[in-house]
Amino acid sequence: GHNTVSINDENHKSVTGYNLMYGNQGDVHNWTTTPEYDFLSQTTKGYTHIGNNHRRTITFVKPGFWIVSDLCTPDDKTKVNNYKQNWHMLPSSGVTVDENNVFSTNFTSGANIKVASVDDDAVPVLTEGVYTSTYGQAVDNPWAYYEKEVSGDASFDTVLLPYDGAEATINTE
């Protein structure tokens with residue numbers, strides 16, 4: 001949950017109920033599926049309350065990996081904003097970050113994932129948060145994000161590589 005961008009520590013606002021009735025849910029710009037890849041490009045209006053727009057593009061290169069691209073465009077191009085592209089993991093994931101700034105889960109069995117930024121200016125952060133699987137059942141939980149402080153537009157390009165069994169490697173440029 002909440003694997004999206006936070007802007008100046010603000011999450012996107014929910015666009016249910018009243019907002020949906022008046023067309024404020026965002027837009028799907030492109031949705032394509034082929035035998036080789038799936039592609040989705042969409043925007044949300046969930047950041048307009050803080051003067052920012054967010055477009056996420058997801059490409060699934062079959063059968064192996066995803067490319068997630070986020071573009072944040074502030075109304076005020078001169079203001080410095082803090083952007084965090086969040087990646088939440090399960091408490092038992094054992095998430096780590098390596099010398100190449102790649103986040104990896106470390107489940108003892110089953111599937112794992114590598115999250116690798118293509119951006120040289122994205123700072124990887126591994127921090128503590130809280131995970132709740134049901135109401136009132138919170139446990140400490142590490143989570144990861146890539147962070148940038150920029151004026152003007154901010155973009156994140158990230159590769160998600162799932163793997164099972166033997167260790168996987170990933171190089172981005």
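A salt bridge here is a side-chain nitrogen of Lys or Arg within 4 Å of a carboxyl oxygen of Asp or Glu. A search of the whole structure finds six salt bridges. This is a predicted model, in which local features need pLDDT of at least 70, side-chain atom pairs count only at pLDDT 80 or more, and totals for chains, interfaces and linings use all residues. Residues are numbered from 1 along each chain as its sequence is written, and side-chain values use heavy atoms, with hydrogens and water left out.

Q: Why is the contact of Asp9 with Lys84 called a salt bridge?
A: The closest N and O atoms are 2.7 Å apart. The limit is 4 Å, so the pair qualifies.

Q: What makes Asp119 part of a network?
A: Salt bridges link Asp119, Asp121 and Lys148. Within it, the side chains of Asp119 and Lys148 meet at 3.3 Å, N to O. Both Asp119 and Lys148 are buried.

Q: Why are strand 6 and strand 11 called paired?
A: Strands are DSSP runs (E, at least two residues), numbered from the N terminus, as are helices (H or I, at least four). Two strands pair if DSSP finds at least two bridges between them. Strand 6 (residues 80-88) and strand 11 (residues 138-151) have nine bridges, in the antiparallel sense, so they pair. Tyr83 stands opposite Lys148 in strand 11.

Q: What makes strand 1 and strand 10 edge strands?
A: The open sheet has four strands, in the order 1-6-11-10. Strand 1 (5-7) and strand 10 (123-132) each pair on one side only.

Q: What makes a group of residues a nonpolar core?
A: It is a set of buried Ala, Val, Leu, Ile, Met, Phe, Trp, Tyr and Cys residues joined through side-chain atoms within 4.5 Å. The largest such core has 18 residues, and Tyr83, Trp87, Val115 and Tyr146 have the most contacts inside it. Apart from it lies another core, of seven residues, including Val102 and Tyr163.

Notes
Buried < 20%, exposed > 50% of the residue type's maximum accessible area, 1.4 Å probe, protein only.
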